Amino acid sequence: MSAMDVKLVYILLLLCFQPRLSSSGQLSSMESIPNLHDSMYMVVDGYPCVRLLNLSGKIGCSNPGREKVVAPIMRYRNANELTQSTAVLVSLDEVEELFLRISNDARFARNIVGVLFESGVDIHNKLKGFSPAKKFPQAEYAPYPSVNYEWNPIGSGIMWKAYDFPVFLLSERSTLTLREVAMKNEKAKNTYTTSVAEFDLVMQTTKAGTHDSESCLKEQTCLPLGGYSVWSSLPPINTSLSYQSKPIILLMASMDSASFFRDKSLGADSPISGLISLLAAVDALSRVDGWSDFNKQLAFLVLTGEAWGYLGSRRFLHELDMQSDAVSGLNSSLIEMVIEIGSVGKGSTQGTKTFFTHTAGASSAVNGTSDAFTHAQDSLKSTNITILSANSSNPGIPPSSLMAFLKKNSILSGIVLEDFDTTFSNMFYHSHLDDISNVNSSAIVAAASLVARSLYILASDNKDLHGSVLSAINVNISLVEELMGCLLNCEPGLSCDLVKNYIAPTSACPNHYVGVVVGEPSSKPYLGYVDDVSRFVWNFLADRTSVPKENASSSCLKDCKQDEVCIKAETGNGICVISTTRYVPAYSTRLTFESGIWKVLPPNSSDSMGSVDPVWTESNWNTIGLRVYIVQDAAYDHLVLIGGIAVTILAYLAIVLTRAFITKALKRD
C-alpha cells in the first residue's frame with residue numbers, strides 16, 4: 001500500500017468515527033487526564049471488613065488472591081440463581097439469610113465474589129436487631145461451666161468466620177447510588193455494557209501465604225491487636241512509700257468495641273455508655289473534699305482490647321504480678337472490691353431508670369457494696385432510679401472484664417452494673433448500629449450518679465453520711481451530653497472543645513476498634529502510637545484526680561517532678577499536676593517483643609487464660625478501596641474488532657477500485 005493509500009484510509013476512518021465521539025459530548029468537556037479518569041471511575045465510600053488472624057486460623061474478609069476483584073453488581077433479592085461471578089448488594093435484614101446460604105449452598109457461594117451492605121436510617125428503623133457476635137461472647141473465659149448460655153440470643157456469629165471475598169459497608173450516600181446501579185444492571189441484561197464493582201482488599205497475609213498469627217508475626221505481615229489502657233487513683237498515691245495499707249476499691253469500664261467492619265465500631269451502649277458513666281462519676285467525686293482522710297483508696301481503670309480476649313484486663317493483671325512501672329503504687333492483694341460499669345445506656349424505660357447488679361462472691365465486701373448501691377438509690381429517689389439484683393438463675397456474671405479477674409483469682413469480690421438482667425437489652429451488640437441513637441443520656445447520668453455516691457459511701461466506711469453530704473455529689477449532665485457528642489458522633493466528634501482542651505486529635509470521627517500495637521510497648525509510650533481516645537481518657541483522669549494546682553508546678557517546659565504528670569501537653573499549654581495516672585500496655589500475654597519482632601510464647605500451665613488465648617493479629621495491607629465503573633461485554637468488543645477490520649478491508653478495496661477507475665479514466669483522456 002502506497003503512502004497516499006494509507007492517508008486515504010486514515011481520512012475515511014476519521015470521518016467514520018468523528019461524529020460518534022463528538023456526539024457524546026464527553027471529550028469536549030475534558031480538560032485533563034484526571035478529569036477523564038474521574039468521569040470513568042466512581043470511588044465509593046465504605047467501611048471494610050478486614051482479615052484478622054489467630055493461632056488456629058483466620059476470620060474476617062479479604063480478596064481471595066493477589067489481584068483486585070471485579071464483578072457486576074446485583075441486588076441479593078433478585079439473585080435467586082447466579083450464573084456468573086457477582087457482587088451482591090444486600091439489605092441488613094437479608095444479611096443472615098445471605099451468609100447462611102453461602103455456608104450451605106456451595107454452587108451459589110462460588111459465584112459470590114463480593115458483598116456490599118446497605119445502610120441508612122430507613123434500614124435501621126425497620127430492624128428489630130442485628131448482632132454479628134456470638135450468643136455467648138468470649139465464653140471460653142467464663143469463670144463457670146455453663147458456656148452454652150445465651151446472653152446474646154440475637155447473635156449470629158458471622159463476624160467470627162472467615163470469608164475469602166471482600167465485604168464493605170456502604171455509606172448512606174453510596175447506598176442510594178449503588179441501588180440505582182444495580183437496578184440499571186438488572187433492567188439492561190441484554191445490552192452490551194454493565195456496571196461493575198472493583199474491590200481492592202488484598203491482604204499481605206494472603207499474598208505471603210501466612211494464614212495464622214504465629215506465621216504472620218514471624219514474616220511481619222501482621223501486627224498484634226492491642227493498645228493502651230489507663231488507670232488513675234483518687235486521691236493520688238504516694239509511690240515513694242514502700243508500704244501501702246489502704247484497701248482498694250477498683251472501678252473499671254472498657255473503651256473498645258468490635259463490629260463486622262473495622263472502622264465502624266462505635267459500641268455506644270456496649271461499652272462506651274459505661275466509659276462515659278465512669279468519667280462522669282470521677283468528675284463528680286473530684287469535687288468532693290477530704291479524700292485523704294478516708295479509709296479506702298479509689299482506683300479507676302479504663303481498659304482496651306476487651307472485645308478480643310480481654311487483652312487489657314489480662315495484661316493489667318500480668319503487670320500487677322510483675323509489679324511493673326505501669327502499675328507502680330497498686331498492690332493486687334489490697335484490692336478489696338472490683339466494680340465494673342458495663343452497658344448502662346438503655347436503662348431508661350418510661351422515665352424510670354433500672355439497673356441490675358451481677359455479683360461474684362458472697363463476701364462481706366459484696367454485701368457492703370450492694371448496701372451502698374441501695375443507700376445511693378435511696379438518696380436519688382426523686383430521680384426514679386431503681387437498682388435490682390440480677391436473677392439468681394443466671395449462670396454467673398455476664399461477659400465482662402470481671403471474668404478475667406475471676407479467672408485469675410476465683411475468690412475475688414466483684415459487681416458488674418448493667419442495664420439488663422438475664423439477656424442483653426442491646427439488640428445491636430458489637431454491630432455498627434450500636435450508635436448514639438441506641439443510648440439514652442438520662443440512663444448514663446443515672447448510672448454515674450449511683451456509682452459516684454456508692455463509691456463515696458464505700459470509701460468513707462459509712463461514716464458521717466448525712467443526706468446533705470450525698471446530695472452534694474451530683475453528676476454534671478452537660479458533661480455527659482458533651483462526652484456523648486465527642487465519643488459517639490462525627491459532629492463534633494473528637495474535634496469537640498472538651499477533647500481539644502486536652503489533646504490534638506488525629507481524626508474527628510470516633511472509632512472504638514482496638515487497633516494494633518505499633519513499636520515496643522511501654523508504660524511511657526510515644527504518644528504517636530497511642531490512639532486518640534486513650535490519650536483523652538489519660539488526660540481527663542489525670543486532670544480530675546489531681547490535687548489542687550497550687551501544690552504543683554505550673555508548666556511542662558521542664559520535666560515534671562516526682563509524682564507529677566504533664567497534662568494538655570499536646571495543646572501547647574501543658575501543666576504539671578500531682579496525679580497517679582498511668583498508661584498500661586494492652587496486648588496478649590502470649591506475646592513478647594524482641595529485637596523489633598513479635599514472638600509467640602508457649603502457653604504457661606499456671607495461666608488458664610493463656611491456654612485459650614487466640615493471640616489476635618490484624619493483617620497488614622497497602623491500600624483498601626472500592627470503586628464502580630462501566631465495562632463493555634467481551635462479545636461486543638470482539639464484534640467491534642471484527643467490524644473495524646471489515647471497515648479497513650472495505651476501505652482498502654474502495655481505494656484500490658477508485659484508484660484503478662481514475663487511472664483508467666485518465667488513460668482514455
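The model is predicted, so local features require pLDDT of at least 70 and side-chain atom pairs count only at pLDDT 80 or more, while totals for chains, interfaces and linings use all residues. Residues are numbered from 1 along each chain as its sequence is written, and side-chain values use heavy atoms, with hydrogens and water left out.

Side chains of opposite charge can pair when their charged atoms come close. A salt bridge here is a side-chain nitrogen of Lys or Arg within 4 Å of a carboxyl oxygen of Asp or Glu. The structure holds 22 of them.

I begin with Glu618 and Arg262, whose closest N and O atoms are 3.1 Å apart. Helices (H or I, at least four residues) and strands (E, at least two) are DSSP runs, numbered from the N terminus. Are these two residues buried or exposed? Both Glu618 and Arg262 are buried. Buried means under 20% relative accessible area, exposed over 50%, and partly exposed in between, with a 1.4 Å probe and protein chains only.

Next, Asp164 and Lys58 form a salt bridge at 3.5 Å, N to O. Asp164 sits in the loop between strand S8 (162–163) and strand S9 (167–170), Lys58 in strand S4 (residues 57–61), 106 residues apart. Asp164 is partly exposed at 44%, as is Lys58 at 28%.

Finally, Lys599 pairs with Glu594 at 3.3 Å. Lys599 is partly exposed at 42%, and Glu594 likewise at 36%.
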